[in-house]
Amino acid sequence: MNVSKESTSALTALLKIEIGPADYAPAVEKQISDYKRKANIPGFRPGHIPTGLIKKMYGKAILADEVNKLISDSLMNYIRDEKLDILGNPLPNLEKNPVVDFENQDSFEFYFDLGLAPEFSIPVEKDLGIEKYTILVDDEMVNKYIEDTRNRFGKPIPTETDDAVVVAETTEEGDAKESKEPAVEPAEMNADFFNSVYPGLDLQREEDFREQVRKDASMSFSAETDKLLFNQITEALVKNTEMPLPDEFLKRWLVEHNDGKYTPEEIEKNYASFADSMKWQLIENKLIKENDIEVKDEDIRNYIRTYMLRQVNMGDMDPEMQKRYDSIIDTFMQNKEQVQRINDQLYNGKLMDYFKGNITFQDKEVTYDEYIKIASATHPHDHEHEHDHEHEHDHEHGHDHDHDHGHTH
């Protein structure tokens, strides 16, 4: 078997795979022997079927299977051994590939087109003109939080109806209706209350407590503002990175590998968006590789321990109980979709840490309402007013992710 490569442009190549009898004959003969031993053909005892009959009935299919395996293995091995950084997958060259006749041929040639990843440099300028928003926490937000917290830490008021009072409410039509609600005396604004809410800070004055509430509320918005900031960074890096792509190859690859989601006309119309997704994927992989950013299985397990079992104090458990919870984590780890989501989220967090340490942002304070308008105008289709974000993970270049990420390890 022989594999050779010919450059067809700066970012495309043609692979030629030559397969002869010496490459497939041993495997074909083994398969025929297995068929002879296992096949159940009326009129013949198992294991005593003539070899000629097996070849006549199954030989062509066996040969085709073995040749296809050789093609797949040789493509994978050649790309790996030659350290080719390809985009998408190899595509059969429709012009050069002849019609194969497994009945009469014993030597075969196959041709495949490759799209090659470009060489590029990520911008080194620290200032990419990105505004980093901080949501101001106004007095109304602080007061609302304190009110809710005082009620949460308050004392129930004993009543004749088992700690509940009958409250008369008026409907829009003016009719009175009754509802049972627990009566609570809000906690007093004193040091005991302050330190019940924030243990260990030794807060004594109301102004110190209010300032801590303001900081806490501001931090609660950071995940949401980071989500917008991450999108702004990816867009700025894509815009400012000079990166040629094998466009015609990628358009063809997208047509053949989108499971019918898009027509060729739709791919042509939206190719700029597809190309930007591809560019970001390549930039991200380069950042991960050059900065030794890595997520290990234990990182994922720790994430599950911290966030999915956060109500459980593992340190207070006996060994048997710890083993049971480790078993729960093992079960989570079997869910590939869940693990992929966590894996990608952890990569995003590590990338965000890198960005914050290496990019200069223009800090801007806004109210929450102003931020919502900005975020909605910037990303009207994917902005959600939630304090989390999820991403899909894949190990292969070239998938249509819309700012989701495929990390090459």
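Two residues are in contact here when heavy atoms lie within 4.5 Å. The model is predicted.

The protein chain has 409 residues, and 37% of them are buried. Its secondary structure comes to 13 helices and 10 strands. Among contacts between residues at least 6 apart, 71% join residues at least 24 apart.

Start with a sheet. Four strands form an open sheet in the order E1-E2-E4-E3, and the pairing is antiparallel. Strand E1 (2-9) and strand E3 (86-92) stand at the edges. Each has a single partner strand, so one side of each is left without a neighbour in the sheet. From one strand to the next, the twist averages 25°. In general, strands of a sheet pair through backbone hydrogen bonds, either parallel or antiparallel.

Now look inside the sheet. Strand E2 (residues 12-19) pairs with strand E4 (residues 108-116) over eight bridges, in the antiparallel sense. Leu14 gives a point to find by eye: Asp113 in E4 stands opposite Leu14.

Helix H2 (residues 51-81) lies across E1, E2, E3 and E4. H2 runs at about 135° to E2. Between H2 and E3 comes a loop, and Lys83 sits in that loop. Lys83 is not a glycine, yet its phi is positive, at about 55°. Is Lys83 buried or exposed? Lys83 is exposed, because its relative accessible area is 73% and the cut-off for exposed is over 50%.

Asp202 lies in the loop between helix H4 (191-197) and helix H5 (206-220). Asp202 is not a glycine either, and its phi is positive, at about 50°. Asp202 counts as exposed, with 55% relative accessibility.

Next come the helix pairs. Two packed helices are described by the angle between their axes and the distance between the axes. Take helix H6 (residues 222-240) and helix H12 (residues 336-358). Their axes come within 11 Å and cross at roughly 70°. That makes H6 roughly perpendicular to H12. Which residues make the contact? On the H6 side they are Asp226, Leu229, Phe230, Ile233 and Leu237. On the H12 side they are Asn348, Leu351, Met352, Phe355 and Lys356. The residues of this contact divide into seven nonpolar, one polar and two charged. The spacing along each helix is worth a look. An α-helix has 3.6 residues a turn, so residues three or four places apart point the same way.

The second pair is helix H7 (residues 247-256) with H9. Their axes come within 11 Å and cross at roughly 100°. H7 and H9 are therefore roughly perpendicular to each other. Asp247, Leu250, Lys251 and Leu254 in H7 meet Tyr271, Phe274 and Met278 in H9. The residues of this contact divide into five nonpolar, no polar and two charged.

Stay with H9 to finish. Helix H9 (residues 271-290) has 20 residues. From its first C-alpha to its last, H9 reaches 28 Å, close to the 28 Å expected at 1.5 Å a residue. H9 is mostly covered, with 14 of its 20 residues buried. Asp292 follows H9, and the phi of Asp292 is positive, near 50°.

Methods: Residues numbered from 1 in each chain as written. Predicted model: local features only at pLDDT ≥ 70, side-chain atom pairs only at ≥ 80, totals over all residues. Heavy atoms only, no water. Helix = DSSP H or I, 4+ residues; strand = E, 2+ residues; numbered from the N terminus. Expected span 1.5 Å × (residues − 1). Buried < 20%, exposed > 50% of the residue type's maximum accessible area, 1.4 Å probe, protein only. Pairing = 2+ DSSP bridges. Axes fitted to C-alpha atoms, helices over the stretch in contact; angles between N-to-C directions. Parallel < 35°, antiparallel > 145°, perpendicular 65-115°, else oblique. Nonpolar A, V, L, I, M, F, W, Y, C, P; charged D, E, K, R; others polar.
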